[in-house]
Amino acid sequence: MTDLSKYRNIGIFAHVDAGKTTTTERILSLTGKIHRIGEVHDGEATTDFMDQERERGITIQSAATSCFWDDHRFNIIDTPGHVDFTIEVYRSLKVLDGGIGVFCGSGGVEPQSETNWRYANDSEVARIIFVNKLDRMGADFYRVVDQVENILAANALVMVLPIGIEDDFRGVVDLLTRKAWIWDESGDPTKYHIEDVPADMVDQVEKYREKLIETAVEQDDDAMEKYLEGEEPDMDTIKACIRKGTINLDFFPTYCGSAFKNKGVQLVLNAVIDYLPSPTEVKPQPEVDLEGNETGQFAIVDPNRPLRALAFKIMDDRYGALTFIRIYSGKIAKGDNVLNTFTGKTERIGRIVEMHAESRNELNAAQAGDIVAVLGMKNVQTGHTLADEKNPATLEPMVFPDPVISMAVAPKDKSGSEKMGIALGKMVAEDPSFRVETDEDSGETILKGMGELHLDIKVDILRRTHNVDVTVGKPQVAYRETITQRVEDSYTHKKQTGGSGQFGKIDYVIEPGESNSGYQFESKVTGGNVPREFWPAIDKGFRDMMEEGVLAGYPCLDVKVSLMDGAFHAVDSSAVAFEIAAKAAYRQSMPKAGPQLLEPIMKVDVFTPDDHVGDVIGDLNRRRGMIKSQDSGPTGVRVKADVPLGEMFGYIGDLRTMTSGRGQFSMEFDHYAHCPKNIADVVIAEAKERKAKK
């Protein structure tokens, strides 16, 4: 029986280039998992094993690995930092018990750090903070701590102070023990010695240590009382208080160092053991029934309870499809049958493997608290729950945002068509934020994703991993439609063809709904003019038609339909007749309701050096952007704006030109807004042209 108190399921997350993957490499090196450290900039990091990751120097897929430190087992997931792959971070955080938030010592709290931090807050994941790259020009530990508190509204509990900064960074002072850890310049993480605090830092160390202990003892009334009477609690009590506060998300123990120079990582590993929760200390996952209602039951981490496991990632590799699962309760063994509560079908557990990036160790069984990969699953997708056949329940499913950008792809030769279909099927299973549709009229294959880079990488994977040569259309924006006026109308569907006919009359109101309400239907019919059994058919008729707006064929949002009255025929009326009446009513009334085009508005966060701020803001204004804020930092300015997606294509190239290659930006979908008439006219004309060609 495994001792779950010695398990830590942790993720490492941060903004692009803050040093997550390098930090993971150092952890694997220190724990003896790898013997030669691979560097991201050389394209040799252990957890970056896709060609696209090695070339671009970014992490695209979250990679899983296991290692041991001081007889504790760490299951580590290294997540991507780029905004187009945030979904990977979201689904990884969903199954983790704790995390390490890595921040760049000079860049500080960057745009993507905020998004990841927000996801971690939503998932209630306890975290420690590692301020990395203190050896870099412009690094400032204290400034980053301020940003964590002001930008993220998070309470950073400073646990160590840096000795020296930039080129002079030599080590850190551990505030609890009042000891300095000094590394030599050999780059060997094990070449360090522990000595007394440097004389010039004694006052500062005492000031920060007092603040640390005051914050910690607030977690325990007895310790607080003794402390106020002038008695400092013993080390075990202080650590227990810090652990409690960290798990309750009251504060986040904050460390610093330089992963690249191998300085400061050991203290972070010790902190993972001391302060991050084991699987049994985390709030258990709520169970829902097959209809999605909470049952009041929880998946308590215990190998002897019924099986509850969440599939959080599908990865296709040379051995077949790997399904990564987090087991919350119960256990699985090779050859077991388990129920997929989403599909209602049973799945057989083939091989169980423990992953170390690309390599793997075979296991015979796994139990509550484990993160493992299973081979041989047929119909399991991200977010599906695997449960005990005799005692089924579903864990809260993951919710993924709708894609905002699409483009058409076609194989260069006819023979590639089937190959492309198989490859796209695998890619959709791996990434829930990536969708593939076929345009019914033109037969084109349409890829849909979260951003330009997202689709760019997907096409790259198609070409290189799956050897499918494709031609690519230009990216298209996912517009929507809505209405602006209330219309009261009536429609009668009557058809007589000998024998029983079809009859359905509806009186209805179509009006604009509240923002973000989607489509709503209600019946206000009193008496039996339209019998209750026909209401769902009328609802279905309208709902189906909402998929295609009357202006340019985009789905309709924020429309409310109220059924006021109508009539039926005892023999000729049927559900089908009323559904047809609703569809015809939609076509009749929507053009009268002031239809309007909506465009996706993106939350854009741009970092630019001081001397290019004017150019960047001028350019965002030209792109119809609304500037929300601009904050000056030591290395440049962050500009936040809301900008229509249609104006953002190719922005990275323009930004680099404007800022001599030093600008960075990230964007994510925020909301839909009314599209200006001149833009709408062009979009509608293009849609009509496409329709005419078909």
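Is Asp221 buried or exposed? I looked this up before anything else, bearing in mind that the model is predicted. Asp221 comes out at 63% relative accessibility, so I put it down as exposed.

**Around Asp221.** I checked which element it belongs to: Asp221 sits in helix H7, which covers residues 221–228.

**Helix H8.** Next I picked out Ala240, which is in H8, residues 235–247. Ala240 has 45% relative accessibility, so I noted it as partly exposed; the cut-off for exposed is over 50%.

**Helix H9.** How many of the 11 residues of H9 are buried? I got 9, so I wrote down H9 (residues 265–275) as largely enclosed by the rest of the structure. The buried ones include Val265, Gln266, Leu267 and Val268. Further along H9, I also have Leu269, Ala271, Val272, Ile273 and Tyr275 as buried.

**Strand E30.** Last stop was Thr482, which lies in E30, residues 480–483. Thr482 has a relative accessible area of 5%, and because buried means under 20%, I logged it as buried. What does the side chain of Thr482 reach? I found the backbone oxygen of Leu557, at 2.9 Å.

Methods. Residues are numbered from 1 along each chain as its sequence is written. This is a predicted model: local features need pLDDT of at least 70, side-chain atom pairs count only at pLDDT 80 or more; totals for chains, interfaces and linings use all residues. Side-chain values use heavy atoms; hydrogens and water are left out. Helices (H or I, at least four residues) and strands (E, at least two) are DSSP runs, numbered from the N terminus. Buried means under 20% relative accessible area, exposed over 50%, partly exposed in between (1.4 Å probe, protein chains only). A polar contact is a pair of N or O atoms within 3.5 Å; within protein, one must be able to donate a hydrogen and the other to accept it, and residues adjacent in sequence count only if both atoms are side-chain atoms.
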